[in-house]
Each structure stands twice: as structure tokens, then as C-alpha cells.
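Visitor: I would like to go through this structure slowly and hear, for each label, what value stands behind it.

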Amino acid sequence: MVAIVPDPVASKAASLRVRHVTKHFPATNGVGVAALALDDVSLSLAVGELVSVVGPSGCGKSTLLRLIAGLILPSAGELSIGAEPITSPGAERGLVFQDPNLFPWLTVRRNIEAGLVARGVLREKRAEVDEFMRVVGLETFADAYPHHLSGGMAQRVALARALINHPRVLLLDEPLGALDAFTRMRMQDEVLRLWQAHRTTMLLVTHDIDEAVYMSDRIIIMTQRPGKIDQNIPVDLNRPRDRSSSDFLRLRSNILELLHFAGAALARNKS
Amino acid sequence: MSASVEELQPQPTIVPSAQPPGAEAAFVTPPVVKSRPQTLLAIPVGACIALAIHFFVPKTEVVPPTHYYPLVLSMMLGLGVLGAALYPFFPGLRKWMCQMCPILGIATVTVGIWELITSCLEWLPLPYFPGPEAVLGSLVSDRALIFDSTWHSLVLLISGYAVGVAVALVTGITIGWFPHARYWGMSLLKVVGPIPATAWIPLAMVVSPSALISAIGLIALAVWFPVTMLTASGISNTRASYLDVARTLGAGRAYLIFRVAIPGALPSIFIGLFMGLGTSFLTLVVAETVGVKSGLGWYVSWAQGWAEYGKVYGALVIMAAFFSTIMTVLFKVRDRVLVWQKGVIKW
């Protein structure tokens, strides 16, 4: 099998840029201090890169994704995709949540079509619907309602629904977090396969270090409250990766140590 | 009105999603009780008891002899025996009989007891409580007028309900989606909405050019409040994550309103439609009693004016069937539209 490490020269063009982004949330009920969710976060993703963000809960990982998606606006700093600044949500930045959030009133086929309908291009691109249903292996469930799908199947529909828009960046917010261990491992391969097939730039938020090491080109470690980027670790392992190889395990334990160290440092600072 | 009050009872149980799917279908398909073979004989036995009462207990009330009542009872007896004989061969019939036999059997016996205490024993004063034979007789003899009244009621009900629902959907969606509309609309709704539509009758009589138009307006008003309220709450409670997903898929405002918020609000809208239907029955009958010169409500008060209580009860029976049928139709529509919620399609 051919290793699919993105060519470092070809992927020089930055797809996504986040520059010195800070995000405050107003204090609840107008009393107390405003919460600082992200503090001076900068990162950039090369075209076709798959980057994971790991960190303790409450480190602002999801806030970062919502900012990139354009669902919320930063308090300071700027975000851009290619050359265009991000000011509002758009189809070029797909978002998949932990909860698949399929529209329960639409069948699998109509859920996958949703992005095409929303952009008014269903007529021209109808053929792609079948293609994407085949890609995620759900042709036989075209007329099923989300209600009848298992967690893994529902998440595959959510992935197809996001990918049919051919987003320049696919944002994944713990997309496999709610699945059981076996389904999750299968779905990791599935996401990698989609990534390989579509060469979509992906930013994956996860709390599963195995998942981050198994999937990403690069791992960003964030610290807690306020969220800051702590480490930027390249993963130089050949694909497909072996979860039990010594390199894999060494990297995994390094990251665990880093996170643990980060946690201990935080505790020291607090006391 | 007894009919609509009864039909309203299941409403609290149609709260969407919070209920198991089985509970939602309770109105359309009554729960199957475990039945033994002898329950299949409930209808023939009930009919025999009622016939025995009719023929063998001496009557004190003088009733013009019509043969409709014993004829109906004999038909029930015949059909009951036929059903009991045929049920092993038709699974559909068998299921239906298991569900309906106890109810129909007891209903037949109840009619027999009614005849016993009215026509035979005269425990209840005449002319207010005629026996079943007199009621059936007036139903048959006055069938043309009753049919005409039912038709007028149906037209009036559908006109008022359609107008009310159409206006309520527009106002409900506006109030539910736009914060400014919510601020002003909810204030108005909270003050004006709870006034029963029938309380507007004096005003409606002065303002409107005809009794028919004022009746349509009153029914529409009665429907408008619950449908608006539940549509607005359904829209404003749209799950934020559905809207987020839609926006990241490239959706504009029209898509968010018509393809996310409204479908998501449909379970709530249907609760409003059921509540509105209940209040529309009430308003229909009151409007026909006080202003409109046709329809079942008018027929009841007209028959009462002539002290023809047989016709009054006949009209009540027709109303029960009429309102119950309309309610069932709405349930069927709901089940069809909300198929995604109930999971009727099985894999």
C-alpha cells in the first residue's frame, strides 16, 4: 500500500489561517468577569492537511471550531480561509458534531441532499447524492429516517452531508466521541478514507489521544482556561498506521506526558 | 358537545417525543385487551338481551310503532353471529373483533337498559327522556333535515378552521422566529388569546354583515389562539444545533425558517391543531345556537323549542359521530405527516 503522507512541498499553500484570535464570553447575567475562552490562538493548516486538536475539556477546542465555522465571531484577531476573511458561516467550511444532528424529518437521502438544496444547486448536482451515499455505504438506507440508524451510520450520513458541499476545510468536533470503541476504530479508517479520496483539509477536535495519533499529520495540544496552544507536534508515521507499533506507542506516551505535565503545571500555578 | 369533550381527553398524551410511540397511536387504534373466545359472542348476546327487553318487558310509554329499533338490533345480532362464524378465516376481521366486540356488546346492552328505564319503567320524566325507539324513529323521519344540518355544520367548521389555521400559522411563525414580533405579538396574545371566542359574540353580531361570516370569524378566532401559541413555541424552541448545521451547509434565512424551524415545530403545531379543533367544535355549536340558522347546533335548539327530545338526542348522536370522525381524520393526517417521528417504516 502507498503511504499517503501529504507531500510537504505541494501543501505549502495555507488553507486555513487563525491569527492571534481571542474570544471572551460575556459574564452570565451581567455579573462577574467575562470568561476568556481563547487567548491569542494562532494556527494554520496546509491544503489537504489533517490536524488534530487535543486538550482537557474546557480548553476552548469547540469554541475554536465554532469560530472557524463562523457561527461566532472573535473578540480580537482574524480568521481567514485562503485569502478570504471568515465573517459568517458558509458551505466552504463543513462542520460535523459529536451528535450527528441529522434532520429527523428527512430521510437519509434528503439529509445528504440538504446542503445542495440550501445552496440551490440540487438540480445540477443530483448525481453526486448517489455517489456520496455509495461512498459512505448507505445506498440501501436511502429512504430510512435517522431514527432507525445506529450511531455509526448516522455519523456517516453527517459526514456525507458535510462533504457533498466539497468544503475547503472540514471541521470535526469530536465526531466519533459518542461511538463504542470498535465502531470508533472502524469510523477512523472511514474518515481517513474520505480524507484520502477528497483531499479535504480537516481539523479534528478530539479528546482521544490514540485517535489523534492514528489519524493526524500534526497534533496541536491546548491548555485549559484560557485556551492556548501549548504544543505543535508533527506525526511522522507512515500510513496506514499500526496502533501497536513502538513508534506509535512512543508518540502516544509522549503526548500523554505532555498533557499530564501541562495539567500538573496548571495545578502548580493555581496553588 | 359531549362528543368533543370526550375526544379532547387524549390530548395531554400527544406531547411529542416525550411519549413512547405506542401512546401516541392510542386514539386511532384502541389498545388490544387480551380476549377469550367467548368475547366474540358479546355482540349477539348483547343484542339478544336488548331484543328480549324490547319484546318481553311491557311498555308504559306510548310510542308510535316504528320497527327501526328491533330491526337495528336484529341486524346487530345477525352481523355478530356472522362475524363470530367467519372470524377464523380473516385475520383482519379477527383483530377488529377482538378490539371491538366487548365495546359493542356493552353498548348494545346499555341501549337495552336505557329502553328499560325509559319506555318500560318510566323512571325518567317524559318528554325529556325518550326511549331508543323514539330517538331512532325521529332520526329516520327527520333524516333529510339532519343531513342538511350536518352538511352546513361541516362547511362552517371547515371554513372557520381553515381561516383560523392559515392566519395562525403566519402569526405563529412570525412570532416564533422574529424577536421583535415576539415582543409585541406575545403581549397581544397573552391578553387577547385567553378570552373565549364565544365571549366575542355580542361584538361579532354588531360588526359583521351576516351571521354566517361572524360565525366563521368566531371559529377562526377560537382556532387561532392555540395554533398560534404552539406554533410560536415550536418555532422558537428549534434546536440551535440544527440551525448551526444548516448554516454551515450554506443555508440562508428562507431555508432556516421553512426547512428547519417549521418541520422541527410540526409536532408542536399539531398539538395546537388538536386543541384548536376542540375549541372550534364548541364555538361552532354555540354560534349555530345563537346566530346561524342552520347546522346541528341550530337543529338541537330548534328541536328543543318544539320539545322534540327524540330529535335532540338523535342530533347528539350524529354530533358525536361527526366530531369524532373529524378528530380521527386529523390524527391520521398527523400520523402521515409525522411519520419520521413515529417510525412507521420498519426495517
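Guide: What follows is a set of questions about labels, each answered by setting a value against its cut-off, and the model itself is predicted.

Visitor: Why is the pair A:Phe103 and A:Trp105 called stacked?

Guide: A search of the whole structure finds eleven aromatic pairs over all chains. In the pair of A:Phe103 and A:Trp105, the planes are 20° apart and the centres are separated by 5.5 Å. Ring centres must lie within 6.5 Å to pair, and planes under 30 degrees apart count as stacked, so this pair of A:Phe103 and A:Trp105 is a stacked one.

Visitor: And what makes the pair of A:Trp105 and B:Tyr242 edge-to-face?

Guide: For A:Trp105 and B:Tyr242 the centre-to-centre distance is 5.6 Å and the angle between the planes is 90°.

Visitor: How do you know that the pair of A:Trp105 and B:Tyr242 joins two chains?

Guide: A:Trp105 belongs to the loop between strand 6 (93-96) and helix 2 (108-119) of chain A, whereas B:Tyr242 belongs to helix 11 (residues 240-248) of chain B, so the pair joins two chains. Ring pairs also link A:Phe103, A:Trp105, B:Tyr242 and B:Trp340 into a cluster.

Visitor: Why are A:Phe103, A:Trp105 and B:Tyr242 called buried?

Guide: The relative accessible area is 0% for A:Phe103, 10% for A:Trp105 and 10% for B:Tyr242. Buried means under 20%, so A:Phe103, A:Trp105 and B:Tyr242 carry that label.

Visitor: What makes A:Arg161 a charge over the face of A:Phe103?

Guide: A:Arg161 is placed over the face of A:Phe103, at 4.9 Å from the ring centre, and the distance limit for this label is 6 Å, together with a limit of 35 degrees from the ring normal. A:Arg243 likewise lies over the face of A:Tyr214, at 3.7 Å from the ring centre.

Visitor: How do you know that B:Asp244 makes a polar contact with A:Arg66?

Guide: The side chains of B:Asp244 and A:Arg66 make a polar contact at 3.1 Å, and the limit for the N or O atoms is 3.5 Å. B:Asp244 is located in helix 11 of chain B and is buried, with a relative accessibility of 9%. Leaving aside residues up to four places away in sequence, B:Asp244 touches A:Arg66, A:Leu71 and A:Phe97.

Visitor: Why is strand 7 of chain A called largely enclosed?

Guide: Five of the five residues of strand 7 (residues 169-173) of chain A are buried, so the rest of the structure largely encloses this strand. On one side of strand 7 of chain A the buried residues are A:Val169, A:Leu171 and A:Asp173, and on the other they are A:Leu170 and A:Leu172.

Visitor: What makes strand 7 of chain A a partner of strand 6 and of strand 8?

Guide: Two strands pair if there are at least two bridges between them. Four bridges join strand 6 of chain A to strand 7 of chain A, and five bridges join strand 7 of chain A to strand 8 (residues 201-205) of chain A; strands 6 and 7 run parallel, and strands 7 and 8 also run parallel. From strand 7 of chain A the path goes through helix 5 (residues 181-198) of chain A to strand 8 of chain A, as a right-handed β-α-β crossover.

Visitor: What sets A:Asn101 and A:Glu174 apart in their backbone?

Guide: Most residues other than glycine have a negative phi. A:Asn101, however, has a positive phi near 50°, and A:Glu174 has a positive phi near 45°. A:Asn101 is in the loop between strand 6 and helix 2 of chain A, and A:Glu174 is in the loop between strand 7 and helix 5 of chain A. Their relative accessible areas are 4% for A:Asn101 and 14% for A:Glu174, so A:Asn101 and A:Glu174 count as buried.

Key:
Residues numbered from 1 in each chain as written. Chains lettered and ligands numbered in written order. Predicted model: local features only at pLDDT ≥ 70, side-chain atom pairs only at ≥ 80, totals over all residues. Heavy atoms only, no water. Phe/Tyr/Trp six-rings, centres within 6.5 Å; stacked < 30°, edge-to-face > 60°. Buried < 20%, exposed > 50% of the residue type's maximum accessible area, 1.4 Å probe, protein only. Right-handed = clockwise from strand over helix to strand, strands pointing away. Polar contact = N/O pair within 3.5 Å; in protein donor to acceptor, adjacent residues only side chain to side chain. Contact = heavy atoms within 4.5 Å.
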